[in-house]
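Subject: Structure for you to look through

Hello,

Here is the structure I said I would pass on. Please open it first and keep it beside you while you read my notes.

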Amino acid sequence: MTRRYSALSLFKEGLAGQTGWQPAWRSPEPKPSYDAIVIGGGGHGLATAYYLAKNHNIARVAVLEKGWIGGGNTGRNTTVVRSNYYYPESVELYGLAHRLYEGLAKDLNYNVMLSQRGMVNLCHSTAEMEIGARTVNAMQINGIDAELFSPDDVRRVAPIYNFSADARFPVFGGIWQGRAGTARHDAVAWGYARAASRLGVDIIQNCEITDFIIEGGRCRGVQTSRGAIRADRIGMAVAGHSSVLAAKAGFRLPINSYALQACVSEPVKPILDTVVLSPGCGVYVSQSDKGEIVIGGGLDRIPSYAQRGNLPTLETVIAGLLEMFPIFGQLKLMRQWAGIVDVVPDSSPIIGESPLPGLFLNCGWGTGGFKAIPAGGTLLAQLLATGKHNDISRPFDLDRFATGRLIDEAAGSGIAH
Amino acid sequence: MQLFPCPFCGPRDETEFHYGGDAGNIRPDGADVPIDRWADYLYLRTNPKGTAREIWVHMTCGEFFVMERDTVSHKVLSSAALGGEHAA
Amino acid sequence: MTASRLATGGSAIDRSHPIRFSFDGATVHGFAGDTIASALLAGDVAVVGRSFKYHRPRGIWGAGVEEPNALVDIGGLRATPNTRATTEPARDGLVARSVNATPSALADRNAFLDRFARFIPAAFYYKTFMWPEWHRFEPRIRAMAGLGKVDADWASPGTADQVNHHCDVLVVGAGPAGLAAARLAADAGLSVTLVDDQQNPGGSLGHRAGEIDGKPAAAWIAETVAALASAGHLILPSTTAFGIYDHNLVGLNQRHFDGRPDTLWRVRPRRIVLATGAIERPLPFANNDLPGILSADAALAYLRRHAVLVGRRIVVATNNDSAYETAGALAEAGAEVRLVDLRRDGTPNAPANVRLIKGRALASASGKLRVDGVTLDDGTKLDADCVLISGGWTPTIHLFGQAKGKLAWSEARAAFLPGDPVDGIAVVGAAAGAVSLSEVFAGAGTAVASLGQTKAALPPRSTGPEATGGITAAWPLPGSKGRIWIDYQNDVTVKDVELAARENFVSVEHLKRYTTLGMATDQGKTSNLPGLALMAGITGRTVPEVGTTTYRPPFTPVPLASFAGARVGELMAPVRRLPLENVHRSSGAVFQEYGGWLRPAHYGGNADSERSIADEARRARQSVALFDGSTLGKIEVIGLQAAAFVDFLYYNTMSTLKPGRCRYGFMLSENGVVFDDGVLVRLDEQRFVVSCSSSHVAAVHARLEEWRQDRFGHGAVYIHNATSDMATLTVSGPNARKLLEMLELGLSLDDADLPHMAIGHGIYAGDEVRIARVSFTGDRSYEISIRADRAEPLWAQLRQAGQTFDAVVIGLEALMILRAEKGFIVIGKDTDGTTLPHDLGVDGPRTKRQTEFVGRRSLFTEEASRDNRMQLVGLTVPQGEAPLPTGAHGIKRIDGRLRSQGFVTSSYQSPTLGRPVALGLIERGAARHGETIDIQHLGKISKATITAPCAFNPAGDRLHA
């Protein structure tokens with residue numbers, strides 16, 4: 001039984017030299033079979049296992065992770081949590097995630113440091129303000145908090161922004177979501193792992209899938225670097241590598257893998273309170289609780305599985321950052337990295353049964369999977385437990401590419417494709 | 001910064017190129033193409049981890065060509081002009 | 001510690017140039033050639049900063065890029081927070097402040113935190129602050145974040161230079177290995193670029209004894225550098241190779257000390273030689289973080305380069321031979337030196353005047369704001385004002401790791417060394433584990449030979465005393481007593497690593513993230529290996545089984561401004577400009593950016609722009625308007641299969657168009673969505689002009705090329721984008737023809753000869769002009785295209801002729817009103833990324849066309865056939881009400897829940913109609929004309945009635961009037 005985390009337990013352990021803590025999660029040997037297998041020990045996979053145990057009472061579950069848990073995009077993103085979406089389907093999905101995030105620390109008994117200091121998406125022209133109004137109205141109608149910011153409002157939340165008269169992208173206003181913010185990314189993975197493990201889930205690291213066991217046209221288990229493991233219900237949440245597993249299972253996905261880079265400056269005393277996104281500059285930025293300026297931008301332009309940064313995208317992103325915040329011209333880049341993300345034509349996730357019966361998908365999150373972790377886990381867990389979609393996950397089924405009913409948030413922003 | 005070999009211009013910086021999709025993704029014509037076949041053409045991708053055969057365009061000269069490269073090591077294996085063939 | 005400057009010596013300093021600067025408000029004296037750190041040491045400043053978490057006092061540890069402690073904020077014009085004092089030259093008048101300390105490093109008011117250290121171990125924040133909620137605690141914790149401060153008054157010193165560079169061989173590091181390799185490569189006929197992060201070449205030879213080819217090291221360095229320079233090879237001092245990227249592109253950070261921003265170099269060498277040296281490690285003992293405890297090698301560097309004696313009563317602790325030279329030199333300089341060697345056997349002899357204590361390690365250090373003594377593991381106490389540490393050497397293999405080089409563990413060297421070679425990269429010298437100069441030079445020779453050179457010369461020979469490689473590893477051990485620091489900046493101790501292991505954070509990446517080990521600004525240069533070796537010890541694994549974390553760029557922090565370079569302001573994202581921009585400016589045009597183009601929004605200056613726009617729109621309908629439409633796409637499609645080509649590209653059948661005529665049509669994406677609209681002109685049988693929307697020219701051109709090459713072949717069609725070759729000037733309104741007739745363009749403007757949707761060819765001042773009867777206003781219009789460089793006189797004459805008709809020059813905002821009055825759409829504004837052609841009321845081609853076109857199959861999906869699609873409509877408001885806000889939504893309630901049923905895409909007050917006009921996309925809108933719906937904007941609800949899109953002159957007779 002894992003010891004409960006609290007100020008009191010921390011105090012007692014302080015007196016005892018912090019020697020009484022147990023492993024945050026167990027690392028057992030894999031069993032030959034489970035009720036369900038979740039492939040991928042990132043946020044989505046661990047959350048799926050947790051909600052299988054918690055919501056559906058299915059605890060004979062294994063999470064199989066090729067490397068170390070949280071080592072993929074869960075540990076490589078810029079930690080933004082938000083639900084400022086346009087289409088009702090997206091609002092339902094990301095709204096669920098946002099609400100679950102708000103209760104997550106207490107639910108998991110793990111402080112994921114959800115920091116709701118707000119986020120502003122800037123508008124740089126009259127046309128962008130019109131789209132901003134369209135988006136804010138859509139969010140309000142769909143029950144999500146949103147405000148249309150004036151330039152003065154933007155100045156209030158981001159006073160160090162470039163408001164000079166010759167700014168390349170002047171501020172006409174912005175879309176504000178006050179409940180948006182950041183969370184500590186690693187803690188989300190570890191918190192779910194700890195809570196799932198406590199409920200009986202086996203977390204197996206260094207366990208790579210080599211093949212699927214297919215019998216009678218159904219997926220019955222997996223061959224792994226640690227032997228065969230069987231289950232009749234298998235979920236996969238392996239962002240960046242979804243196509244690789246799909247190929248092993250005998251089907252293709254509407255996905256290209258791209259690197260998404262991020263970087264941080266050296267830590268400085270607090271100077272930027274909110275998350276600021278400038279579509280013109282192509283950059284979103286926040287300051288972490290450690291003081292680093294956390295910088296993200298657009299995808300690399302070359303399909304890739306290499307988890308490494310490069311100069312062309314970095315240069316573009318930093319040029320955008322310094323246009324937004326010229327004052328950051330005195331800072332230095334401390335660390336640069338990349339994660340591999342699933343890029344889907346409509347930039348919405350794919351949740352549902354795969355063409356191989358018994359194998360269920362949670363993929364295609366593109367650049368925005370972190371903020372959706374609690375929802376992705378909840379919905380994949382329900383699919384694995386019941387074989388049926390939740391109303392929230394139904395629109396995100398793979399079948400939308402044949403029906404043509406895509407959910408393209410960029411389309412809602414008036415960007416013709 | 002990767003160097004890609006344009007069959008017409010020689011090695012150039014990656015920023016001059018644009019990815020065009022899987023090579024060999026043949027377009028099915030007709031209003032009555034089975035929808036799965038159409039969706040397959042329109043959306044499904046091989047997305048290999050390792051050797052990939054892709055269509056690229058060198059934006060500065062405007063020519064499309066086929067390039068084989070490794071999506072993990074980023075090593076370029078070959079590049080060739082479309083050579084008059086349609087939908088290479 | 002009582003450090004001091006010696007009266008003589010110091011190879012780096014220039015005693016004839018004394019300097020003064022301030023640190024935490026106090027004056028520090030030094031000489032040109034000092035670093036901030038060497039000057040602080042010379043001034044006996046022990047406490048230079050505070051650690052991140054516990055606010056422990058921190059002193060200088062090293063003399064180079066590995067420095068974890070001595071960070072300062074440099075103020076003034078070139079303000080840079082978190083600058084390493086060990087690599088920053090001291091300048092006269094410089095203002096430096098310690099980081100993470102208020103008011104000063106010596107008297108930091110947060111120092112009390114250290115007393116609560118036992119309650120706030122690694123990752124404690126994950127375990128608490130949950131009740132009542134994190135938000136209550138975060139502000140105070142956040143306020144503690146960060147090290148240095150951003151200077152609000154900072155001003156950019158200008159844009160940073162970026163240089164692209166090619167060479168045969170890039171040698172990183174100008175120590176003995178790098179210099180030897182560079183010389184050998186140069187002698188073999190290769191072009192060499194040699195970079196080093198220090199101001200002077202030589203590396204360790206700058207402060208360690210050596211004799212090469214019978215010469216003193218300094219002479220050999222000077223000779224080698226001179227030979228390279230005179231042969232034209234590039235030598236870059238003060239330049240750090242911070243990253244190896246794809247295809248072995250190397251990023252360099254070149255520092256200047258004359259006020260210029262750093263320069264970013266992108267070097268593409270054929271081969272890379274990494275001669276990056278090694279970094280000295282600390283040893284584990286309690287309170288090993290106290291100020292006054294330094295790297296032994298750094299102390300030697302300060303002594304020989306800066307003539308700074310770091311203490312008077314010194315204890316040197318080591319587990320290897322390299323500290324013996326230090327001990328001897330310090331004793332020779334007058335210090336009392338005790339050398340404590342962990343090894344019992346196989347040690348060198350004690351240097352003169354040094355007391356050697358063998359087989360002993362330090363158990364702990366004592367002192368408050370600076371060390372005052374140590375206790376050995378047998379209980380012996382030694383008093384000391386300075387403690388020097390050599391825990392062995394960690395090869396600097398970061399760049400090799402970044403290049404995806406595999407590492408191999410060497411038990412003998414107690415270090416990771418480069419493993420299997422990486423294509424095009426050789427590692428030499430201490431970075432490859434070499435200890436003696438003989439080893440270094442032999443390795444350099446082999447490395448250069450491996451670059452494929454046949455005529456490689458013989459490497460230099462070390463003729464002086466040789467270092468030996470004996471080392472007894474001394475890793476932090478589990479269960480050690482006291483507080484033993486591993487990561488000085490981030491305050492990670494042995495107990496923190498033990499806690500991580502206890503809680504199953506045993507993967508090296510988990511260890512790093514859970515404890516923040518190695519995540520500080522020094523990126524773990526001194527702490528990573530001890531940390532993972534400790535984890536190995538705790539978990540019963542070997543060090544290579546634990547492995548290393550991923551090496552990520554940059555090796556040392558690089559100014560952000562270096563990456564931006566000249567991409568500042570407009571150069572960050574250049575706008576496209578009209579050929580007549582200056583003419584419009586002199587006419588009082590107010591410019592705005594539209595789809596990447598800078599265009600006149602309206603004329604008449606900034607004052608009362610709404611009224612100017614309304615005036616322009618009203619007067620355009622009354623007589624005649626002039627408009628600069630040069631941004632309009634003009635892409636020519638020429639060739640035998642040109643007609644078949646445009647048929648395939650357009651939704652509408654275009655091959656039936658007669659030469660000399662125009663047709664409006666849509667281009668779709670393969671997913672059926674309307675991508676662009678515009679007019680196609682057929683000049684003759686095999687020649688068309690695609691007149692696409694301004695913001696889509698590049699994208700449309702790219703699509704045309706793609707389909708041409710993919711489906712039609714190079715020989716069938718030729719495509720030429722003539723958009724910027726020609727200006728297009730539009731004359732529109734009831735008097736348009738009359739105005740045009742005054743210009744004598746040499747063609748008949750008679751409606752029989754030039755009807756609506758036809759083109760004519762004329763001559764203006766000797767230049768061909770193409771005149772198209774195409775209208776985006778609903779009034780009779782002529783679009784005149786002329787060579788861009790000849791447009792100015794034509795525009796002037798149009799304006800002059802216009803005076804007869806009270807013509808008005810209109811900007812884009814008035815044009816938007818005019819086209820909205822007519823219900824004409826703008827793609828991307830009145831459509832979105834889901835709009836199909838039949839949503840805009842154009843269903844004919846979808847149902848009737850028999851030939852193939854882009855996007856065809858997608859028009860027959862389940863989604864495309866849905867009966868509640870959003871369709872283009874007009875919207876009117878009750879009399880007297882203001883225009884609908886663009887972006888407002890039509891709303892409805894389903895089961896009590898509010899739902900959108902579409903939105904307003906365009907909305908204006910029409911000065912001609914005297915009422916608002918609006919367009920929108922509304923569910924099933926085409927069938928709901930006359931229906932009144934609720935419209936919501938920012939929480940307020942109003943009414944609007946659905947109408948046909950066209951509000952002005954629906955009969956369309958004004959086109960011909």
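A polar contact is a pair of N or O atoms within 3.5 Å; within protein, one atom must be able to donate a hydrogen and the other to accept it, and residues adjacent in sequence count only if both atoms are side-chain atoms. By that rule, 15 residue pairs are in polar contact between chain B and chain C, with both residues at pLDDT 80 or more.

Before the rest, some notes on the source. This is a predicted model, in which local features need pLDDT of at least 70 and side-chain atom pairs count only at pLDDT 80 or more, while totals for chains, interfaces and linings use all residues. Residues are numbered from 1 along each chain as its sequence is written, chains are lettered from A and ligands numbered from 1 in the order in which they are written, and side-chain values use heavy atoms, with hydrogens and water left out.

Chain B and chain C

Contact means heavy atoms within 4.5 Å. On that basis, 29 residues of chain B meet 29 residues of chain C. The area buried between these two chains is about 2200 Å², and carbon and sulfur atoms give 47% of it. Buried area here is the accessible area (1.4 Å probe) that two parts lose on being put together, summed over both. Within chain B, the residues that lose the most area to chain C are B:Met1, B:Arg27 and B:Phe64, together 26% of what that side buries.

The salt-bridge rule (a side-chain nitrogen of Lys or Arg within 4 Å of a carboxyl oxygen of Asp or Glu) finds four salt bridges across the interface of chain B and chain C. C:Arg711 forms a salt bridge with B:Asp29, and their closest N and O atoms are 2.5 Å apart.

Helices (H or I, at least four residues) and strands (E, at least two) are DSSP runs, numbered from the N terminus. In chain B, α1 (35-43) and β5 (63-70) each supply at least two residues of the side that touches chain C. The largest share of that side, five residues, comes from α1(B). By class, the side of chain B that touches chain C has 16 nonpolar, six polar and seven charged residues. For these classes, Ala, Val, Leu, Ile, Met, Phe, Trp, Tyr, Cys and Pro count as nonpolar, Asp, Glu, Lys and Arg as charged, and the others, Gly among them, as polar.

Chain C and chain A

Here, 111 residues of chain C are in contact with 104 residues of chain A. The two chains bury about 9300 Å² between them, with 56% of it on carbon and sulfur atoms. On the chain C side, C:Tyr126, C:Arg142 and C:Leu560 lose the most area to chain A, together 9% of what that side buries.

Across this interface of chain C and chain A there are 11 salt bridges by the rule. C:Arg142 forms a salt bridge with A:Asp273, the closest N and O atoms being 3.7 Å apart. The polar contact rule finds 57 residue pairs between chain C and chain A, both residues at pLDDT 80 or more. Strand β50 (residues 897-910) of chain C gives the largest share of the side that touches chain A, six residues. That side of chain C divides into 52 nonpolar, 33 polar and 26 charged residues.

Two strands pair if DSSP finds at least two bridges between them. Strand β17 (residues 332-343) of chain A and strand β33 (residues 558-559) of chain C run antiparallel and are joined by two bridges. A:Lys332 stands opposite C:Pro559 in β33(C).

Single residues

Buried means under 20% relative accessible area, exposed over 50%, and partly exposed in between (1.4 Å probe, protein chains only). C:Gln489 lies in the loop between β31 (485-487) and β32 (492-493) of chain C, and counts as buried because its relative accessibility is 4%. A polar atom of its side chain lies 3.0 Å from the backbone oxygen of C:Pro68.

C:Gln523 is in the loop between α10 (508-515) and α11 (528-539) of chain C. With a relative accessible area of 14%, C:Gln523 is also buried. Leaving aside neighbours within four places in sequence, C:Gln523 is in contact with A:Met334, A:Arg335, C:Gly518 and C:Asn528.

Regards
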